[in-house]
Amino acid sequence: CGLCAQRTNIVFGAGSPQARVVFIGEAPGEEEDRQGVPFVGRSGQLLTQFIAGIGLTRDEVYIANICKCRPPGNRNPHPDEVAACEPFLLRQLAIIKPKVICALGNVATQTLLQIKTGITKLRGQTMRYGDIPLIPTYHPSFILRQGGTGCTDAGNMMRDFELLKQMMA
């Protein structure tokens, strides 16, 4: 797709190929594009805190995005961009075989579940991505925009992570 013309790095994924849980966001941001690693900016730091809150480290999980290159201005990926990267994500999931997937935000959730329902209505529930349970939750950038870990939605996100922890047991 056209995103490759403007990227600095492909941001394929990071973490354990034996991970029990895979976190999937929408697309890399500026810092991720610069470093070639998913979720390393402010959102990534918050995601790392939430992962630690359920007793895991980034090395024990796998983190990826729907799209592997940064859309200009951090806009949402277009359908053709999502379609171009889908085979890579499918292969990642086939190799890792996670016990559970955590979809971070609207774009990841709607893409994986092929629905239009928003994350506010879906979070807190267990959905399915094929044979794999999927927990939709807020994107860490949303939590940052709401005021960080002290906001109500951060508490809701932590409850989603607790559900995720239970499903991995």
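Reader: Let's start with C151: between which two helices does its loop lie?
Author: This is a predicted model, so take everything here as read from predicted coordinates. Going by contacts, and skipping residues up to four places away in sequence, C151 touches I143 and Q146. As for its place in the chain, C151 sits in the loop between α6 (140–145) and α7 (152–168).

Reader: Is C151 buried or exposed?
Author: The cut-off for buried is under 20% relative accessible area. C151 comes in at 13% relative accessibility, so it counts as buried.

Reader: How far is C151 from P87 in space?
Author: Along the sequence, C151 and P87 are 64 residues apart. In space, going C-alpha to C-alpha, the gap between C151 and P87 is 36 Å.

Reader: How many disulfides does the structure hold?
Author: A pair of cysteine sulfur atoms has to be within 2.5 Å to count. C151 is in no disulfide, as its nearest cysteine sulfur, that of C102, is 16 Å away. For C67, the closest cysteine sulfur is in C85 at 4.6 Å, which is too far for a bond. The count for the structure is zero.

Reader: And C67, is that one buried or exposed?
Author: The relative accessibility of C67 is 0%. With under 20% as the limit for buried, that makes C67 buried.

Reader: Zooming out, what pattern does the chain follow along the sequence?
Author: The parts list is seven helices and six strands. Read in order along the sequence, they give β-β-α-α-β-α-β-α-α-β-β-α-α.

Reader: Why is the chain called as compact as a globular protein of that length?
Author: The globule rule gives 15 Å for 169 residues. The chain's C-alpha atoms fill a box of roughly 40 × 35 × 30 Å along the principal axes. The chain is called that compact because its radius of gyration, close to the value from the rule, is 15 Å.

Reader: What share of the contacts with a separation of 6 or more comes from residues 24 or more positions apart?
Author: For context, buried residues make up 48% of the 169 residues in the chain. Among contacts with a separation of 6 or more, the share from residues 24 or more positions apart is 72%.

Reader: Which residues are buried in helix α4?
Author: Helix α4 covers residues 105–113. The cover over its buried residues includes helices α3 (79–96) and α5 (119–122), along with strands β2 (21–25), β4 (100–104), β5 (127–129) and β6 (132–137). The buried residues themselves are G105, V107, A108, T109, L112 and L113.

Reader: Which residue just after α4 takes a positive phi?
Author: The phi in question is about 55 degrees. The residue that takes it, just after α4, is Q114.

Reader: N74 and K97 both have my attention for their backbones, so what is the phi of each?
Author: N74 lies in the loop between β3 (62–65) and α3, whereas K97 lies in the loop between α3 and β4. N74 is partly exposed at 42% relative accessible area, and K97 is exposed at 63% relative accessibility. Neither is a glycine, yet both phi values are positive: about 60 degrees for N74 and about 55 degrees for K97.

Reader: How far is H78 from G25 in space?
Author: H78 is in the loop between β3 and α3, and at 36% relative accessibility it counts as partly exposed. H78 and G25 are 53 residues apart in sequence. From C-alpha to C-alpha, the distance between H78 and G25 is 14 Å.

Reader: Last one: which residues is G13 in contact with, leaving aside neighbours within four places in sequence?
Author: G13 is in the segment before β1 (14–15), and its 24% relative accessibility makes it partly exposed. F23 is ten residues from G13 in sequence and 9.8 Å away in space, C-alpha to C-alpha. The contacts of G13 beyond those neighbours are P38, Y62, I63, A64 and Q92.

Technical notes
Residues are numbered from 1 along each chain as its sequence is written. This is a predicted model: local features need pLDDT of at least 70, side-chain atom pairs count only at pLDDT 80 or more; totals for chains, interfaces and linings use all residues. Side-chain values use heavy atoms; hydrogens and water are left out. Helices (H or I, at least four residues) and strands (E, at least two) are DSSP runs, numbered from the N terminus. The radius of gyration is taken over C-alpha atoms; the globule rule is 2.2 Å times the number of residues to the power 0.38. Buried means under 20% relative accessible area, exposed over 50%, partly exposed in between (1.4 Å probe, protein chains only). Contact means heavy atoms within 4.5 Å.
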